[in-house]
Protein chains: 2
Amino acid sequence: MRAETDVAGALRGLLRPDQVLDGPAQLDAYAHDDAEWAPYARPRAVVFAGSTDDVAAVVRAAAEHGIPVVARGAGTGLSGGANAVPGSIVISLERMTRLIEVDAAERYAVVEAGMINDEFRVAVAAHGLWYPPDPASYRISTLGGNAATNAGGICCVKYGVTRDYVLGMTVVLADGEIVRLGRRTAKGATGYDLTALMVGSEGTLGIITELTLKLLPLGGREERAVVGAFGSLEGAGAAVAAISAAGIIPSALELIDEMCLRAVDEWQHLGLPHGAAALLLATVDDVGAVGAAAAASIASLMTEAGALGIEQAAEPAEVDRLFLARRLAYPALERLGPVLTEDICVPRTAVPRMLGLIREVAARDDVVIATIAHAGDGNLHPLIIAPEGDEAAKARAKVAFDRIVEDCRMLGGTVTGEHGVGLLKLPGARVELGERVLAMHRDIKAALDPRDILNPGKAF
Amino acid sequence: MRAETDVAGALRGLLRPDQVLDGPAQLDAYAHDDAEWAPYARPRAVVFAGSTDDVAAVVRAAAEHGIPVVARGAGTGLSGGANAVPGSIVISLERMTRLIEVDAAERYAVVEAGMINDEFRVAVAAHGLWYPPDPASYRISTLGGNAATNAGGICCVKYGVTRDYVLGMTVVLADGEIVRLGRRTAKGATGYDLTALMVGSEGTLGIITELTLKLLPLGGREERAVVGAFGSLEGAGAAVAAISAAGIIPSALELIDEMCLRAVDEWQHLGLPHGAAALLLATVDDVGAVGAAAAASIASLMTEAGALGIEQAAEPAEVDRLFLARRLAYPALERLGPVLTEDICVPRTAVPRMLGLIREVAARDDVVIATIAHAGDGNLHPLIIAPEGDEAAKARAKVAFDRIVEDCRMLGGTVTGEHGVGLLKLPGARVELGERVLAMHRDIKAALDPRDILNPGKAF
């Protein structure tokens with residue numbers, strides 16, 4: 001395989017022919033993830049790995065010739081982490097979907113990286129087990145992509161993020177060698193935590209091909225929902241702070257703002273409250289009297305914080321109905337035009353202040369911004385919308401994006417809560433990390449990938 | 001400061017004179033942690049850092065002259081991680097005990113690394129907050145030492161280990177530069193997780209001087225204890241497996257074996273059950289009816305697994321009384337002679353098998369071994385006891401130690417569950433990690449500490 005010539009042909013010599021694509025339309029389909037706003041290039045070839053050995057063979061060949069390699073799951077990333085770089089081979093793991101082992105007694109499972117999050121949840125549920133991490137993309141995103149970006153989700157506020165569930169992994173290193181990191185036991189303190197280092201490293205240190213994931217018992221939870229409509233963002237923010245101060249840990253604490261509410265209602269006519277500046281949606285999942293008491297406390301704290309109205313539910317169907325506006329918010333906004341998705345995380349108490357700053361940015365830069373927030377974590381997704389084909393609006397959206405990142409940093413926040421740095425957050429991440437910590441990143445990257453072939457230019 | 005000459009004198013020029021020790025007896029007192037079984041050397045000097053800047057100044061000077069530096073908290077480590085290496089400067093952080101900030105709304109605290117775990121717990125409790133990690137040494141060990149070794153404890157089985165609570169840190173790097181890693185927000189995905197890399201790295205990649213620790217609400221827990229006496233280790237093991245399979249997550253699930261029971265009873269005459277091969281001690285901390293139901297389930301699962309007798313308690317004083325034998329086990333065994341403490345972690349279901357193998361090792365190598373176990377995590381502490389001054393018994397103890405590590409590996413376990421590798425577990429860790437993963441450790445170490453001055457020869 002020579003860098004200048006027929007890379008796809010050479011790859012077909014390593015794999016089965018149907019595992020390699022190089023038609024222009026096919027290459028374009030794999031040129032970027034869900035972050036078209038970030039730069040991307042047409043790759044030289046796309047390969048569909050069927051096994052860890054396939055990944056190793058491709059990386060080994062690429063390493064010999066200094067060809068960059070971009071690993072990719074389902075391509076649902078929102079920061080451009082899986083966008084192809086010039087001259088690269090894209091390795092898709094979407095065909096590596098095997099559930100290798102479920103151990104109900106030890107509560108872990110071993111799975112190939114291309115398995116869809118939701119398919120995994122369903123499969124382990126059959127063993128009485130639960131995999132909590134629930135990024136919004138859970139029906140379509142892969143576990144490997146979730147791990148590479150350290151994906152979050154709605155239940156993080158109580159159950160933590162992907163990193164908290166990764167016990168170990170199989171990784172293909174930059175020279176194509178295969179290693180196993182981590183463990184299968186409940187605890188372990190042997191050597192550096194290279195598993196944690198790989199999680200969130202966006203394919204820049206190795207390609208995760210298998211994961212050993214920690215699971216929880218499936219039962220022992222009862223969901224109750226409390227949804228409050230607020231006349232002001234400050235009121236909703238005060239309710240979030242009061243719930244936290246009361247020592248209640250909800251299993252979800254989401255916020256959607258007026259713009260989201262309007263978009264959903266204009267689309268689906270749900271009869272959502274008019275004149276509400278925000279809807280605050282909480283669930284608790286403690287069983288029995290404890291859960292009922294927590295739900296009642298949340299309702300009264302919302303009332304004290306000035307909620308215009310509150311709805312509660314304990315039946316699963318009713319809980320789903322109350323959360324419908326949250327689930328529909330993103331698709332409702334996508335109807336309005338291409339969405340540039342922000343992902344900032346500020347201290348919980350700074351949520352109302354940050355929401356105010358986002359409104360100021362929208363006004364100043366003349367852009368439409370609707371905000372969905374994992375309010376209980378301080379993790380906000382301002383969705384910046386530019387009408388299709390309006391290049392000037394797109395340019396203004398990018399300016400607004402950077403301003404929001406700056407405001408977040410000023411409030412003591414971090415530039416990405418759960419989507420990863422990819423390409424979109426590189427400028428903000430570099431400021432946040434600072435020169436010396438960036439140098440640590442470069443040193444570690446150079447130590448593990450001296451030829452810089454693994455997803456170069458991403459993550460830091 | 002020249003490597004050959006008056007290091008202590010040079011250090012007195014950097015710090016206040018009372019921060020530097022170099023009397024032989026003083027040096028010997030800081031030559032090792034609680035792992036005298038591992039090699040150690042008299043250091044050149046001991047310094048008591050009063051601030052991050054002090055640590056930085058000493059490391060900078062040491063780096064210039066290629067002098068190794070060993071960081072140390074309270075010296076309660078059990079693997080030799082803080083044992084002085086030849087020609088080293090020991091930097092003690094025990095005077096860095098300030099609680100810098102507690103944020104009750106965000107539920108985190110910032111603290112200097114030398115603060116004692118228990119003092120921190122008490123201090124944050126005054127703010128209605130709880131710091132779960134509870135290593136057995138929590139009354140005397142420092143938070144910095146806990147982080148450097150990724151210390152575990154009794155409540156890990158439900159609440160996780162130290163790593164799960166470290167949001168960020170201030171670290172002095174190998175050239176004396178100071179960096180801040182991590183974040184204060186609830187979530188964050190910016191850059192590599194260097195915080196997780198530092199936790200458990202035993203001072204080989206940097207010296208942790210401050211920690212930002214995640215906290216939980218203090219309230220919302222009610223402890224109930226269920227203690228069962230078993231005629232066989234197999235019965236106790238079956239109960240552990242049944243509790244896990246039932247989806248119950250206890251807040252503690254401890255086991256002490258017959259040898260421990262006998263040692264405690266001979267010392268304190270508690271009237272512990274005679275003829276019991278093991279005591280299984282569980283707590284649950286769910287509130288109200290849920291907790292009562294979980295305790296009742298544990299009691300009936302213990303009965304089904306063949307418990308000879310069961311005691312239950314819901315009042316705090318009674319819970320403490322039931323756990324007294326567990327708390328007294330280690331001091332009771334230390335009365336019998338120097339203890340070589342093992343720390344292996346096997347799959348939960350392999351606990352009875354591992355206990356059987358430990359008995360075989362004790363018989364074969366003619367050593368006394370008593371076992372305490374965090375059974376719910378599969379984390380066992382076989383305590384190998386050699387009579388004071390009996391060098392032959394000490395030699396046999398070391399042989400037994402290595403055999404237990406081998407048996408653990410054969411059962412799919414890891415060679416250290418919560419104490420760290422230090423020096424004692426180096427041979428086992430090297431086998432467990434394998435050549436290529438060891439090479440990754442060396443590459444990362446060389447990238448961050450190219451002159452190999454930070455605690456050289458430890459951890460991997």
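I began with chain A, where the C-alpha centres of domain 1 and domain 3 lie 42 Å apart. The assignment, which is automatic or from a database, gives domain 1 (7–92), domain 2 (99–217), domain 3 (221–329) and domain 4 (336–419).

I noted that this is a predicted model, in which local features need pLDDT of at least 70 and side-chain atom pairs count only at pLDDT 80 or more, while totals for chains, interfaces and linings use all residues. Residues are numbered from 1 along each chain as its sequence is written, chains are lettered from A in the order in which they are written, and side-chain values use heavy atoms, without hydrogens and water.

Next I compared the copies, superposing by least squares on C-alpha atoms of residues with pLDDT of at least 70 in both: chain B is laid on chain A with an RMSD of 0.0 Å by a turn of 180° and a shift of 0.0 Å along the axis. That is the relation of a two-fold axis.

I then looked up helix α15 (residues 426–448), a DSSP run of H or I with at least four residues, whose axes in chains A and B come within 9 Å and cross at roughly 145°. The axes are lines fitted to C-alpha atoms over the stretch in contact, with angles from 0 to 180 degrees between N-to-C directions. Among the residues of α15(A) that meet α15(B) are M440(A) and I444(A), contact being heavy atoms within 4.5 Å.

Technical notes:
Helix = DSSP H or I, 4+ residues; strand = E, 2+ residues; numbered from the N terminus.
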